[in-house]
Amino acid sequence: MDLKKQIEAILFTTGKFMSTEELAKHLNSQETEIITALKQLEKDYLEKDSALTLQTQDNLFKLNIKKEFGFIINK
């Protein structure tokens, strides 16, 4: 199964920031593989017309909505 899609599913479902170490543990993968997949996932979200984005903060990762869609959540 595609590692990038598995990471996407975990980040979407948990809705929280996760480290590469946590992701590697959940997916029984090497951190280097997780980092590579996260870079590709980030690139994918930058290139496609989506309301979602891969947010990073202090080497943690989270799937989130883009800022311009925040008004929907704040209603």
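Q: In what order do the elements of the protein chain run from the N terminus on?
A: In this predicted model, the order is α-β-α-α-β-β-α. The secondary structure comes to four helices and three strands.

Q: What makes the radius of gyration of the protein chain agree with that of a compact globule?
A: A compact globule with 75 residues would have a radius of gyration near 11 Å, and the protein chain has 12 Å, which agrees. Along its principal axes, the C-alpha trace spans about 40 × 25 × 20 Å.

Q: What share of the residues of the protein chain count as buried?
A: Of the 75 residues, 33% count as buried. The chain exposes about 5,500 Å², and carbon and sulfur atoms supply 51% of this area.

Q: Among contacts between residues at least 6 apart in sequence, what share join residues at least 24 apart?
A: The share is 42% in the protein chain.

Q: Why is the link between Lys-4 and Asp-44 called a salt bridge?
A: A salt bridge requires a side-chain nitrogen of Lys or Arg within 4 Å of a carboxyl oxygen of Asp or Glu. The closest N and O atoms of Lys-4 and Asp-44 are 2.5 Å apart, so the pair qualifies. This pair links distant parts of the chain: Lys-4 belongs to helix H1 (residues 3–14) and Asp-44 to helix H3, 40 residues apart. Both residues are buried.

Q: How many salt bridges does a search of the whole structure find?
A: The search finds two. Besides the pair of Lys-4 and Asp-44, the side chains of Glu-47 and Lys-43 meet in a salt bridge, at 3.6 Å from N to O.

Q: Why are Glu-47 and Lys-43 separated by about one helical turn?
A: They are separated in this way because they are four residues apart in helix H3.

Q: Are Glu-47 and Lys-43 buried, partly exposed or exposed?
A: The term exposed applies over 50% relative accessible area, and buried applies under 20%. Glu-47 has 56% relative accessibility and therefore counts as exposed. Lys-43 has a relative accessible area of 41%, which lies in between, so Lys-43 is partly exposed.

Q: How do we know that Lys-62 has no salt bridge?
A: The nearest side chain of opposite charge, Glu-22, is 13 Å away. A salt bridge needs the nitrogen and oxygen atoms within 4 Å, so Lys-62 has none.

Q: Where does Lys-62 lie, and with which residues is Lys-62 in contact, leaving aside its neighbours within four places in sequence?
A: Lys-62 lies in strand E3 (residues 60–65). With those neighbours left aside, its contacts are Leu-11, Gly-15, Lys-16, Phe-17, Thr-53, Leu-54 and Gln-55.

Q: What is the phi of Asn-28, and where is Asn-28 found?
A: Asn-28 has a positive phi of about 50°, although it is not a glycine. Asn-28 is found in the loop between helix H2 (20–27) and helix H3 (31–47).

Q: Why does Asn-28 count as exposed?
A: Its relative accessible area is 73%. This value is over 50%, so Asn-28 is exposed.

Q: What is the phi of Asp-58, and where is its place?
A: Phi of Asp-58 is near 50°, a positive value in a residue other than glycine. Its place is in the loop between strand E2 (52–57) and E3.

Q: What makes Asp-58 count as exposed?
A: Asp-58 has 69% relative accessibility. Since the cut-off is over 50%, Asp-58 counts as exposed.

Conventions
Residues numbered from 1 in each chain as written. Predicted model: local features only at pLDDT ≥ 70, side-chain atom pairs only at ≥ 80, totals over all residues. Heavy atoms only, no water. Helix = DSSP H or I, 4+ residues; strand = E, 2+ residues; numbered from the N terminus. Rg over C-alpha atoms; globule rule 2.2 N^0.38 Å. Buried < 20%, exposed > 50% of the residue type's maximum accessible area, 1.4 Å probe, protein only. Contact = heavy atoms within 4.5 Å. Areas by Shrake-Rupley, 256 points an atom, 1.4 Å probe, with all protein chains shown as cover. Lys, Arg positive; Asp, Glu negative; His and termini not counted.
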